[in-house]
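Take a first walk through this structure with the sequence at hand. The paragraphs below go from one chain to the next, and then to the places where chains touch.

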Amino acid sequence: MAKRQGKQTIRLERPVSILSYASTVGKKESEGPLAPYFDVTSQDNFFGQKTWEKAESEIQRSTLQKALEKGGLSAGEVDIVFAGDLLNQCIGSAYGLREMGIPFAGLYGACSTMAESLILASLLVESGAAGKAAAVTSSHFCSAERQFRFPLDYGGQRTPTSQWTVTGGGACVVGPVGEAPYVKEMAIGLIEDLGVKDMNNMGGAMAPAAVSTLSQFFTDTNTKPDQYDLILTGDLGLVGSELLKQLMEREGHPLGSRHADCGLLIFDREQQQVDAGASGCGCSASVLCGYVLEKLRKGELKEVLFMATGALMSPTSSQQGESIPGIAHLVHLSNSPTAL
Amino acid sequence: MELILPYLKAFLVGGAICAVGQVLIDYTKLTPARILVLFVVLGVALTGLGIYQPLIDFAGAGATVPLTGFGSLLAKGVQKAVEEQGAFGILTGGLTASAAGISAAIVFSWIGALVFKSGDKS
Amino acid sequence: MQKMTPTEYGELVKKASPNSRSYRTIPMAFLVGGFICALGEGLRTLYLSWGLQEDVAGGLVSVTLIFLSVLCTGLNLYDNLAKYAGAGTLVPITGFANAVASPTLEFKQEGMVLGMGAKMFTIAGPVILYGVLASFIYGAILWVFRG
């Protein structure tokens, strides 16, 4: 059974296995440094569809399909899928998985959704409530721009702290027994808000949530950052990563060179003109399901803390002058099922 | 020199007005939409105070093409209408003067939307 | 997490955030904005040489620039120029036209009435609203004080 450890951490007594995983990205991501790791790279950001929303749904559908194929699984074997995206009412997931025939639980955790869905899938599998469970998350630059910001052809200038929404997604299927990678521990985050209001500085808005979850996890588990090969945050970008580094030092848990951020890995920031890096829930999803899980499976990485970060605002709250609340959920992934 | 002088003036004055806009983007919290509103209202006010017309006389399109010029057009329209029609002109002046620009934006945009497709960004 | 006030954190965020590259953005805005205005001046000279009245020629300059801007918007060129030009493409009348054309184009998928129709002025609407409002106030002042 899953055991509560400390304030926010949950430890799985029997670590569950990520049976298979797959990632999909669009054109710009396929020109970035992580390109060789993604399963599907599309040069057509419409993914053969007519609208950007349909394109995002297609990412959801095809990524889960690919994950099932890679694991030699069929949709009928999966008892529940947790899925989410950034669109209003989560239509990316709902329409994408409409024809899948898998019991569906939609999630909204903004850009933290990959960790949130993986946590819930793992808990259900460990408890026996589900034999196999899937987690799917996506975002699309174009559907996000037209919903949150401006029309694509509007002549705006990006600010130096702004981040580029990733077109892509990731999916994984969790089962009770199997090979590496394993999910061993998780921590559900608190909503943290230190008053950042700038919609173009998401990294700054989310960093406190990342610090809160991460330092609580170290306290709960009585571990130190250097016991992990990689501490990977979702999409803090340049500004958020710098703040995380400073604040973790203040907490007494300096991260050193263990820390990396999906938002800084997926693009070449200078070359690809993405200012402070990447964002979007497809960012951490595609980096996790493309790059990190593969390295864990091969044993090139052994202990990884994956922490997806989300900004829980909407254009409405922002226009009404509200600040941006952040959230961060953490998953401890490992190459081996035994305790650290 | 005589020949290019009007273009040079338009370039310098128009460029300077845009540079002011950029300073506002870089150094204030003002969003682009607010900056545009500010420029239009400023155009109306400066014309009302008699400051903007001399700039138009000097720089031509350098002063009429930026959105302050759009504001100036509204103000001059209302001046003329109030002179000719009295109180009724308060309501008709602004939009009458700017009718060509607004109609052009509406009509061209509508046709453009039918012809073209929203593009991806890279 | 140790306690921290929003003000303290705001300071940290400010320090961690890169500044605008004003040494590049301001000259670019100046050059591109200046160029668009010089183009307008060229058009004005042309229309005047056709024997058009000063105010008709001026109106036609705006109409021509608006046309060119809508065309560039449709061809996905305007936003790519604006990326570098900033206020240089925002402040001229072409920026207003782009603000009308881009949502009309973008929301075509949501239909001719609720998409194109309703979204056309989501960005440019405030400009017309406050422009007309300012001219109304100015007109009222003129009327009261004209004696």
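A crossing of two helices is right-handed if the near helix is turned clockwise from the far one by less than a right angle, and left-handed if it is turned anticlockwise. Keep that in mind for chain B. The model shown here is predicted.

Start with chain B. It has six helices and zero strands. Along the sequence the pattern reads α-α-α-α-α-α. The C-alpha trace spans about 55 × 40 × 35 Å along its principal axes. Of the 122 residues in chain B, 52% count as buried. Now take the contacts in chain B between residues at least 6 apart in sequence. Of these, 57% join residues at least 24 apart.

Next, look at two helices of this chain. Helix α5(B) covers residues 67-85, and helix α6(B) covers residues 88-115. Their axes come within 7 Å and cross at roughly 135°. The crossing of α5(B) past α6(B) is right-handed. On the α5(B) side, the residues in contact include B:Phe70, B:Leu73, B:Leu74 and B:Gly77. On the α6(B) side, they include B:Phe88, B:Gly93, B:Gly94, B:Ala97 and B:Gly101. By class, the residues of this contact divide into nine nonpolar, nine polar and three charged.

Chain B also touches chain C. Here 64 residues of chain B are in contact with 65 residues of chain C. Several helices of chain B each supply at least two residues to this side, namely α1 (5-27), α2 (32-48), α4 (61-64), α5 and α6. The largest share, 17 residues, comes from α6(B). What classes of residue make up the side of chain B that touches chain C? It has 42 nonpolar, 20 polar and two charged residues.

Turn to chain A, and to its strands. Strand β1(A), residues 2-5, pairs with β2(A) in the antiparallel sense over four bridges. A:Ala2 stands opposite A:Leu12 in β2(A). The two strands form a hairpin, with three residues between them. In the turn, A:Gly6 has a positive phi of about 70°.

Strand β2(A), residues 9-25, also runs antiparallel to β9(A), and five bridges join them. A:Arg11 stands opposite A:Glu185 in β9(A). Strand β9(A) pairs with β14(A), residues 326-334, as well. That pairing is antiparallel too, over five bridges. The bridge partner of A:Glu185 in β14(A) is A:His332.

Is strand β9(A) enclosed or open? Six of its six residues, 182-187, are buried, so the strand is largely enclosed by the rest of the structure.

Finally, see where chain A meets chain C. The contact takes 26 residues from chain A and 32 residues from chain C. On the chain A side, the elements that give two or more residues are α6 (202-221) and α7 (237-251). The largest share, six residues, comes from α7(A). By class, this side of chain A has ten nonpolar, eleven polar and five charged residues.

How values were computed. Residues numbered from 1 in each chain as written. Chains lettered and ligands numbered in written order. Predicted model: local features only at pLDDT ≥ 70, side-chain atom pairs only at ≥ 80, totals over all residues. Buried ≥ 20, exposed ≤ 12 C-beta atoms within 10 Å, placed from the backbone. Pairing = 2+ DSSP bridges. Contact = placed C-beta atoms within 7 Å. Axes fitted to C-alpha atoms, helices over the stretch in contact; angles between N-to-C directions. Nonpolar A, V, L, I, M, F, W, Y, C, P; charged D, E, K, R; others polar.
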